[in-house]
Amino acid sequence: GQQWTIKTRDAGLTAVIGNSVSYGPFVQDEDRQASFHKRRGWKTTQKVAEEESDAVTEKVVTAIEEALGR
């Protein structure tokens with residue numbers, strides 16, 4: 001659905017991405033994903049977070065270094 005949201009907190013240091021559709025956990029949650037979606041290879045939110053962690057960390061470090069003039 002079109003219910004994706006992004007909110008920041010901690011003066012912009014934290015970003016929270018979410019989706020408010022009631023069926024979301026049955027599509028993408030690691031513990032609740034329906035076998036239908038699992039068999040078709042839908043990634044869980046936990047798997048995507050794990051896979052993208054290094055790239056996000058790199059972007060944050062780069063932004064900090066640029067802000068510090070390094």
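View 1. Read from the N terminus, the elements of the protein chain follow the order β-β-α-α-α, where helices (H or I, at least four residues) and strands (E, at least two) are DSSP runs numbered from the N terminus. The radius of gyration is 16 Å, well over the 11 Å that the globule rule gives for 70 residues, so the protein chain is more spread out than a compact globule; the radius is taken over C-alpha atoms, and the rule is 2.2 Å times the number of residues to the power 0.38. Along the principal axes, the C-alpha atoms fill a box of roughly 50 × 20 × 20 Å. This is a predicted model, in which local features need pLDDT of at least 70 and side-chain atom pairs count only at pLDDT 80 or more, while totals for chains, interfaces and linings use all residues. Residues are numbered from 1 along each chain as its sequence is written, and side-chain values use heavy atoms, with hydrogens and water left out.

**View 2. Contacts in the protein chain.** Of the contacts (heavy atoms within 4.5 Å) with a separation of 6 or more, 2% are accounted for by residues 24 or more positions apart.

**View 3. Val60 on helix α3.** Val60 lies in helix α3, which covers residues 45–67. At 45% relative accessibility Val60 counts as partly exposed, that is, between buried (under 20% relative accessible area) and exposed (over 50%), with a 1.4 Å probe and protein chains only.
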